[in-house]
Every structure is written in C-alpha cells, then in structure tokens.
Amino acid sequence: MAELSIRALKKSYGPTEIISSISLDIVDGEFVALVGPSGCGKSTLLRMIAGLETISGGEIAIGEKVVNNVPPKDRDIAMVFQNYALYPNKTVADNIGFPLYMARVPKAERDRKVAEVMRSLDLEALAKRYPKQLSGGQRQRVAMGRAIVRNPQVFLFDEPLSNLDAKLRVSMRAEIKELHQRLKATTVYVTHDQVEAMTMADKIVVMRAGNVEQIGAPLELYDRPANKFVAGFIGSPSMNFFDGQMTEQNGALSFTTKAGLSISLDPAQRARAADAVSLGIRPEHIQLDASPSDGALAVDVAVIEPTGNEATFILRSGGDELVVVQTGRHNYRPQDTVWVRPTTESLHFFDEAGRTL
C-alpha cells in the first residue's frame with residue numbers, strides 16, 4: 001500500500017471552477033471518507049485521483065510518484081463504482097479474475113488469488129453464478145473482489161452502497177470496514193451519507209462547493225465542528241440552530257432567540273456567547289420532561305417519530321422549532337406541552353460568518 005498526497009489540486013470547466021485548491025494527505029493504510037452535499041466536488045476529486053478526470057492545477061502523488069500525467073491503468077489503483085460494472089456474460093470467479101487475466105498472470109496463480117479473495121468475501125458458493133443470479137449485496141462484493149485481487153496501492157470507492165436497500169447497506173458497511181481492518185489498505189471512500197462516513201472512516205473530509213470545510217476524525221468533527229455548515233452536516237438528526245444574541249438579566253446569562261426563546265448559559269460561556277449570532281445544540285443534548293423545572297423551556301409537540309429504541313420529537317415555541325431525540329418509551333402526544341432543558345456545556349456558538357467561537 002502507499003500514502004496519497006494531494007497538493008493545491010484544482011479543476012475547472014472553462015470559467016467554472018469545480019475544485020478550488022484542495023490539499024490533503026492520506027497516510028498509508030488510512031480509510032478516508034469524502035462527504036458533502038450533491039455538487040460539492042467529492043466525486044470529481046475521486047475521479048482525478050483515479051486519472052479519469054484531467055486536473056487543471058496542482059499535484060497528485062501516490063507513494064513517491066507524481067501521477068498527474070500517468071494513465072489510470074498505470075496508477076496502481078482499484079476503483080469500486082456505484083453500479084457494480086460487472087460483465088454479465090462472466091461468472092463470479094471470472095469477473096473477479098478478469099484484471100489478472102488482462103495482466104497475463106499465469107492461470108495457476110490467477111486461480112489461487114481468485115480463490116483467496118472469494119474465500120475472504122464469502123463468495124465461494126457463488127463462484128459459478130452469473131451477475132443476474134446475484135443479489136445487490138452479492139454483486140457489490142464481487143465488484144470489491146475484482147478490486148482486491150489486484151492488490152493495488154490505493155482503493156477508491158464511489159458511493160458503492162447507494163443502490164442497496166437500508167438493511168443491506170448496514171451489513172455491507174460492516175463488511176467493508178472489516179475488510180479494511182484486515183487488508184490495512186489505503187482507501188478513499190466517497191459518500192453523501194454522513195452516517196456511512198462516521199461509522200467507517202478513520203478520517204473525514206467535509207466538502208462544500210469545491211472547498212474543504214474541515215478534516216478530522218469522525219468524533220472530532222461531531223464534537224468540535226469548525227463552522228456552522230459542518231455542525232449541521234455531521235450528525236443525524238441535524239443540529240438545532242437558533243439565531244439571536246446573548247442577554248443578561250439580574251446577573252443571569254441567556255441566549256435569546258429572535259422568536260423570544262431564552263436559553264440559559266454558564267458564566268464561563270460569556271466571551272463566546274457575546275460574539276455569537278447563532279447558537280447550536282444537538283438533539284440528544286436536550287432533556288425532555290413532562291413537567292416544568294429550573295431552566296426548562298415550555299414548548300409544544302408538533303410531530304413524534306418513533307423508531308423503537310428511541311423517538312424523535314419536532315417541537316415548536318413561537319417561531320422557533322427544535323428537534324429532540326429521546327431513548328426509551330414515552331406517553332407524549334402531538335399538541336402536548338412539554339418542557340426542554342438543553343445541556344449547557346454542550347452548546348455551540350457561531351459568529352456572523354458561521355465560524356465556531
């Protein structure tokens with residue numbers, strides 16, 4: 001395997017800039033997820049690494065070798081696509097072994113490597129089947145096997161699970177993570193699903209409009225987002241945001257929203273809150289009660305979304321709306337008045353430019 005280094009990488013189509021001067025280091029054996037909304041440039045960045053898109057500026061190096069002008073087949077990378085791209089007229093074994101066949105690897109060695117890969121992906125019983133006889137998850141495992149059998153320096157995944165149903169995505173997520181732990185392969189994984197990125201990656205790169213907003217470990221991004229965009233993108237349900245300002249009455253500090261909701265603050269938060277124009281709080285950091293208590297805010301239940309082990313509440317107070325996640329069972333109903341109390345130490349403050357204070 002090898003490290004991947006990207007320096008001041010740019011991509012433009014005529015006057016339209018798609019990627020603007022991205023720099024990124026991926027160490028040997030690291031699993032890095034590129035996430036962001038549609039159109040942020042994550043798939044374009046992956047395709048430039050693969051050599052499927054020309055670059056407009058900057059440098060890409062795999063190991064010690066700069067590959068700007070190296071064709072895809074000579075970059076020693078393997079790519080797994082969203083649509084599997086299997087040969088319909090070839091069996092599972094032949095699909096997996098095809099890259100070795102094209103590389104003129106002797107048949108005995110080819111068969112040995114294919115058998116090893118099929119065993120590692122639990123595909124041995126499917127060796128003689130054709131793609132049309134496989135489920136979506138099985139086809140994706142075959143596509144992964146075709147990439148693994150080459151033993152490349154870098155693995156590239158372009159939203160490989162987006163065509164699968166919800167249950168299968170969860171199981172395939174675990175399979176890919178377990179595979180990475182076993183192979184210790186340098187991996188770049190593109191997804192629009194931040195839950196996939198959080199559960200699988202060693203490091204996440206959050207992108208927006210061709211720029212990198214923040215790079216860090218999953219929990220680092222979750223606990224210490226660099227700005228309001230990252231705070232809202234990472235986490236499901238999304239962070240609650242309230243526009244307003246810090247107020248003080250009889251020595252007690254609060255953040256008062258534009259709609260009049262008053263959220264108590266700790267004195268130690270004075271400096272950050274004084275410059276804040278927006279406050280953020282994650283849904284799980286809000287306690288919900290059926291009766292009033294000190295510091296609690298009265299709100300009305302608008303919608304309840306039960307999921308079994310927990311429930312998501314959409315609550316409203318005047319013009320403010322907030323989302324709360326509560327585990328366990330409850331007896332609340334829509335239109336009930338309930339009381340919420342944010343965990344003071346878990347508040348996030350943002351300035352006018354959206355930067356974290």
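The model is predicted, so I kept local features at pLDDT of at least 70 and side-chain atom pairs only at pLDDT 80 or more, while totals for chains, interfaces and linings use all residues. Residues are numbered from 1 along each chain as its sequence is written, and side-chain values use heavy atoms, without hydrogens and water.

Entry: domain contact. Contact (heavy atoms within 4.5 Å) links 8 residues of domain 1 with 7 residues of domain 2. The buried area (accessible area, 1.4 Å probe, that two parts lose on being put together, summed over both) is about 640 Å², with 57% from carbon and sulfur atoms. On the domain 1 side, Tyr-222, Lys-228 and Ala-231 lose the most area to domain 2, together 76% of what that side buries.

Entry: salt bridge. I counted 1 salt bridge between the domains, the term meaning a side-chain nitrogen of Lys or Arg within 4 Å of a carboxyl oxygen of Asp or Glu. Asp-243 forms a salt bridge with Lys-228, with the closest N and O atoms 3.7 Å apart.

Entry: sheet. I took strands as DSSP runs (E, at least two residues), numbered from the N terminus, and called two paired if DSSP finds at least two bridges between them. An open antiparallel sheet of 5 strands runs in the order 15-19-16-17-18. Strand 15 (286-289) and strand 18 (320-327) each have a single partner strand, so one side of each lacks a neighbour in the sheet. Strand 17 (residues 310-317) pairs with strand 18 over 8 bridges, and Phe-313 has Val-324 of strand 18 as its bridge partner.

How values were computed: Helix = DSSP H or I, 4+ residues; strand = E, 2+ residues; numbered from the N terminus.
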